[in-house]
Amino acid sequence: MELFDAIKNRRSRRKYLPDPIPDEDIEKLILSATSAPSGCNSQCWRFIAVKSPEKIEALSQAVEAGARKFYGRINDEQFLSNRIRHMTFFKKAPLVILVFMTEMPYYDSRVTEYYASLGYDKNEMLSRLGNPDILSIGAAVENLLLTAEEMGLGACWMNDPIIARDEVEKLFNVPNGHRLMSVIPVGKPAYSPREKAMKELSEVFEII
Ligand SMILES: Cc1cc2nc3c(=O)[nH]c(=O)nc-3n(C[C@H](O)[C@H](O)[C@H](O)COP(=O)(O)O)c2cc1C
């Protein structure tokens, strides 16, 4: 498949066939993610590919628990179960990839010292620099999604489950400083998506 075709054809897929994904395919997906550019070449990412159905179920329960805790003040079970359904559809996928962001060391100590002298802490500095750590994660995820498309797999970039970041990090025993950023269910797609409305190029772009 041509790269541009993969880019144009990629869509979020939210229903999957139960066929398992071979480990070599999982490795190819992760390799494509880790080949992405990253700020200061920090490669500030870590991935956990969850294929154990028991662990995927436990993940779904952790997300539900986190969502119930967060939305605890809303006394509307209908609303809550709808939200939980939307944030746990990954439980029917044969593979769920967890994406974590790790510490990004900034390569130039004179820069970090200068920011510190102005009173910026590390997060404020990264924010002033346009959050290269978070952008790097986005680049890795998009690489992974495009490779999935090329391999005939469907996937969905999910951030809703992040509401249960603490519960999920605890479940997978992740080291301190690893921050859950995205959850990506992957599987052979079980349906064809509807065409999506796209903004006209003229709305989002100009040549000067
Ligand atoms: C950062 C990010 C977070 C997203 N989180 C979710 C999510 O939690 N649940 C979901 O169903 N889709 C999620 N999506 C998918 C978007 O809804 C989807 O990309 C958008 O509607 C465009 O559709 P397409 O991916 O089919 O082109 C997310 C996409 C991005 C880029």
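This is a predicted model: local features need pLDDT of at least 70, side-chain atom pairs count only at pLDDT 80 or more; totals for chains, interfaces and linings use all residues.
The protein chain contains nine helices and four strands. Along the sequence, these elements follow the pattern α-α-β-α-α-β-α-α-α-β-α-β-α. Of the 208 residues of the protein chain, 28% count as buried.

The protein chain contains nine helices and four strands. Along the sequence, these elements follow the pattern α-α-β-α-α-β-α-α-α-β-α-β-α. Of the 208 residues of the protein chain, 28% count as buried.

The four strands form an open sheet with the order 1-2-4-3 and antiparallel pairing. Strand 1 (45-50) and strand 3 (154-155) stand at the edges with a single partner strand each, so one side of each has no neighbour in the sheet. Strands of a sheet pair through backbone hydrogen bonds, in a parallel or an antiparallel manner. Strand 1 is joined by six bridges to strand 2 (residues 95-101), and the two run antiparallel. Within this pair, V50 stands opposite V96, and R46 has F100 as its bridge partner. Helix 2 (residues 23-34) packs on the sheet, where it touches strand 1, strand 2 and strand 4 (179-187). The direction of helix 2 makes about 165 degrees with that of strand 1.

Strand 2 is also paired with strand 4, in the antiparallel sense, over seven bridges. V96 has P185 as its bridge partner in strand 4. Seven of the seven residues of strand 2 are buried, so this strand is largely enclosed by the rest of the structure. In a regular strand, side chains alternate between the two faces of the sheet. In strand 2, L95, I97, V99 and M101 point one way, whereas V96, L98 and F100 point the other way, and all are buried.

The axes of helix 3 (residues 53-70) and helix 4 (residues 77-87) come within 10 Å and cross at roughly 145 degrees. The crossing of helix 3 with helix 4 is right-handed. From helix 3, the residues V63, E64, A67 and R68 meet L80, R83, I84 and M87 of helix 4. By class, this contact has five nonpolar, no polar and three charged residues.

Most residues other than glycine have a negative phi. N41 has a positive phi, near 50 degrees, and is not a glycine. Q43 likewise is not a glycine and has a positive phi, of about 45 degrees. N41 is found in the loop between helix 2 and strand 1, and Q43 is placed in the loop between helix 2 and strand 1. N41 counts as exposed because it has 9 C-beta neighbours inside 10 Å. Q43, with 16 other C-beta atoms within 10 Å, is partly exposed.

The residues around the ligand are R11, S12, R14, C156, W157, M158, N159, D160, P193 and K196. The shell formed by these residues divides into four nonpolar, two polar and four charged.

Technical notes:
Residues are numbered from 1 along each chain as its sequence is written. A residue is near a molecule or strand if its C-beta atom, placed from the backbone, lies within 6 Å of it. Ala, Val, Leu, Ile, Met, Phe, Trp, Tyr, Cys and Pro count as nonpolar, Asp, Glu, Lys and Arg as charged, and the others, Gly among them, as polar. Two strands pair if DSSP finds at least two bridges between them. Two residues are in contact if their C-beta atoms, placed from the backbone, lie within 7 Å. Axes are lines fitted to C-alpha atoms, for helices over the stretch in contact, and angles run from 0 to 180 degrees between N-to-C directions. A crossing is left-handed if the near helix is turned anticlockwise from the far one by less than a right angle, and right-handed if clockwise. A residue is buried if 20 or more other C-beta atoms lie within 10 Å of its own, exposed if 12 or fewer, and partly exposed in between; C-beta atoms are placed from the backbone.
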